[in-house]
Amino acid sequence: MEHDATPSTQRYIAFEGVEGAGKSTVADRVAAHLEAQGHTVVRVREPGGTAVGEHIRDILLDGEHTPVPRAEAALFAAARAHLVAEKVIPALTAGSWVISDRSAYSSLAYQAAGRGLALDDIRRLNDIAIGGVWPGVVVLLHTDPAIGLSRQEVGDRIGNESDAFHRTVAEAFDALADAEPDRFTVIDASRSLERVVADVLEALGVTT
Ligand code: TYD
């Protein structure tokens, strides 16, 4: 027996999007807003967020290693398994919000669409890794990948992939949002930070 019951994931919010969409900044602001309202917030990032996950992050992104696509997908899923077990489930069980930079949906966009692996395989791999605990809400910060990339100062191994790769990833995020409209909220991230944050809070049903 692993877990007695899966907690509600309505307070598990993942921010997604291409490089340079502003995920971290917007997620920080939203987390600060929730905290100011008296909520407990656990702020996490993928890959990483746990001791094992940060080691895996180094292997994935330090540029010294080039895992083959299936290994890349498995490593992201392994890091995610630790994050969900060690941070996400305990936080949700305690009634906290979880605000995450990225989630398994990044693997559906980058490893399935981007690397050309089968979407169903990557979905299943991740479902096993996270024991079915997918974010209840996915905020897709929508921006043109070319603009996002131009905002990035130093890219990591995957961030430095070709423009065509990032365009494929961006299209995959759009397709995922279309396929799961109840879970996804798409926000135009090309506007001011204040507008973007206000829209996200409204979408989450948080009063401002
Ligand atoms: P991140 O730290 O969010 O970088 P950025 O802020 O530049 O978007 O993610 C690191 C990189 O890893 C980024 O290029 C996206 C990629 N990535 C995947 O390919 N698959 C995944 O499942 C995740 C979580 C990230």
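User: Which residue forms a salt bridge with Glu-16, and how far apart are the closest N and O atoms?

Analyst: Here's the general idea: side chains of opposite charge can pair when their charged atoms come close. In this predicted model, Glu-16 pairs with Arg-102, with the closest N and O atoms 3.8 Å apart.

User: Are Glu-16 and Arg-102 buried or exposed?

Analyst: Both of them are buried.

User: Okay, what about Arg-45: which residue does it form a salt bridge with?

Analyst: That would be Glu-54, and here the closest N and O atoms are 3.0 Å apart. Arg-45 has 36% relative accessibility, so it counts as partly exposed. Glu-54 comes in at 27%, so it counts as partly exposed too.

User: And which residue does Arg-80 pair with?

Analyst: Arg-80 forms a salt bridge with Glu-46, and their closest N and O atoms are 2.6 Å apart. It's another link between distant parts of the chain: Arg-80 belongs to helix α3 (residues 69-93), while Glu-46 is in the loop between β2 (41-45) and α2 (51-61), 34 residues away. Arg-80 and Glu-46 are both buried.

User: How many salt bridges does the count come to?

Analyst: The count comes to 16 salt bridges.

Key: Residues are numbered from 1 along each chain as its sequence is written. This is a predicted model: local features need pLDDT of at least 70, side-chain atom pairs count only at pLDDT 80 or more; totals for chains, interfaces and linings use all residues. Side-chain values use heavy atoms; hydrogens and water are left out. A salt bridge is a side-chain nitrogen of Lys or Arg within 4 Å of a carboxyl oxygen of Asp or Glu. Buried means under 20% relative accessible area, exposed over 50%, partly exposed in between (1.4 Å probe, protein chains only). Helices (H or I, at least four residues) and strands (E, at least two) are DSSP runs, numbered from the N terminus.
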